[in-house]
Amino acid sequence: MSIVMINPIVSFIVPAFNAGKTLSATLTSIVSQESKIAYEVIIVLSPSEDETLDIAHKFQTQNLNIRIVRSAVKLLPNEARLAGLKEAKAPFIAFVDADDMIAANFLKVLHPLIYETKADIAVGSFAIFKDERVVPYPFRKKRIFGQEKAISLLLSDISFRSFLWGKLFRKKLFEDNAWIFETKFELFEDLPTMVSLLLKSQKVIFTRKTLYYYRKGLNSLTSENRNNRESIHLGVYWFLKYLFLSTNNRQYLKLLSKHRSRIYLSLKYDRRLDKTRDKNEKKELNSYRKDLYKENSKIPQRYKNLIDKILEKKEG
């Protein structure tokens, strides 16, 4: 049984919804850390129809550093993360999805890295597992980057992925910044969140060590066919443009143009999975994509409405 962590150094936040098939493996990987660093685990539970709650309670009785936060309604992933953040007591934050696992040396590697280098974010490599097969992600870096290079790497979407998992954050990044979790993007919500966090960061450190295991293909929102995939993703990029404009980062607007080929490939993939087949809609989205790279172009009304709602949250 774990001892009670009065002053944890790291808060693990685990959103869970209908995770009965995987939550036990996820929590086992967290409570089996090799490091002696004090940590807490905050499980944010949405109402589930399986044994998710029972599993969470079982682990809580065996590990006194586990807390359960229950929601009366189903939360979007970022809403659940925000609920966990509000309860977190530690100066460092790590997010773990309820169908994934972390390596036993996750804390042993990332905490010394972020602490000794005074970085704001420490990033580990990850592996993808499906049907008992584990495939390490091929593009891995070992280096420290400043803010602009980190944002450029993120937009290239290769060596620095936008997923919130697999990373260790200083909690101070979320101060006056937590509103980004309430934007209610239905998909791709990690990208604007990561960019918002990077805009408050000065230093990001990477390690080649595989520290996170991402389960592919199980109830994945990012790889399913659905309506308006392309439109939602394009809206995320327009929101990034708004972030860069509002913080007067003209050099980052140029980064959007620099990585336009990569953005185009992402949107092309979305179009393949998009159930929307209206030709006029596709033409309109093509126009919005081209305007994205023009510095003085106006935000399309459909995305302006979304951003206005987001600003209301921020100002509120």
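Modeller: Start with Phe-239. Beyond its neighbours within four places in sequence, Phe-239 is in contact (heavy atoms within 4.5 Å) with Trp-179, Ile-180, Phe-185, Pro-192, Ile-307 and Ile-310. This is a predicted model: local features need pLDDT of at least 70, side-chain atom pairs count only at pLDDT 80 or more, and totals for chains, interfaces and linings use all residues. Residues are numbered from 1 along each chain as its sequence is written, and side-chain values use heavy atoms, with hydrogens and water left out.

Now the core. A nonpolar core is a set of buried Ala, Val, Leu, Ile, Met, Phe, Trp, Tyr and Cys residues joined through side-chain atoms within 4.5 Å. Buried means under 20% relative accessible area, exposed over 50%, partly exposed in between (1.4 Å probe, protein chains only). The largest such core has 62 residues. Phe-239 is among those with the most contacts inside it, as are Phe-95, Phe-160, Phe-169, Met-194, Leu-198 and Phe-244. Helix 7 (residues 229-246) gives the most to this core, 10 residues. Helices (H or I, at least four residues) and strands (E, at least two) are DSSP runs, numbered from the N terminus. Another core lies apart, with 39 residues, including Leu-23, Tyr-39, Val-41 and Ala-98.

Next, the rings. The structure holds 20 aromatic pairs. Rings of Phe, Tyr and Trp (its six-membered ring) pair if their centres lie within 6.5 Å; planes under 30 degrees apart count as stacked, over 60 as edge-to-face and the rest as tilted. Trp-165 and Tyr-214 are stacked, at 5.3 Å centre to centre and 15 degrees between the planes. This pair links distant parts of the chain, 49 residues apart. Trp-165 sits in the loop between helix 5 (147-156) and strand 9 (167-170), and Tyr-214 in strand 10 (residues 203-215). Both Trp-165 and Tyr-214 are buried. Phe-174 and Phe-181 make a tilted pair: 5.8 Å centre to centre, 35 degrees between the planes. Phe-174 and Phe-181 are buried too. Ring pairs also link Trp-165 and Tyr-214 with Phe-126, Tyr-137, Phe-163 and Tyr-212 into a cluster.

Helix 5 is mostly covered, with eight of its 10 residues buried. Among them are Ile-151, Leu-153, Leu-154 and Leu-155. The cover for its buried residues includes helix 7, along with strand 8 (144-146), helix 6 (190-198) and strand 10. Just after helix 5, Asp-157 takes a positive phi of about 60 degrees.

Last, charges. A salt bridge is a side-chain nitrogen of Lys or Arg within 4 Å of a carboxyl oxygen of Asp or Glu. A search of the whole structure finds 14. In one, the closest N and O atoms of Glu-40 and Arg-67 are 2.7 Å apart. Glu-40 lies in strand 2 (residues 39-45) and Arg-67 in strand 3 (residues 66-70), so the pair ties together parts 27 residues apart in sequence. Glu-40 counts as buried, at 3% relative accessibility. Arg-67 is partly exposed, at 23%. Asp-190 and Arg-81 form another salt bridge (2.9 Å, N to O). Asp-190 is in helix 6 and Arg-81 in helix 3 (residues 77-87), so this pair ties together parts 109 residues apart in sequence. Both Asp-190 and Arg-81 are buried.
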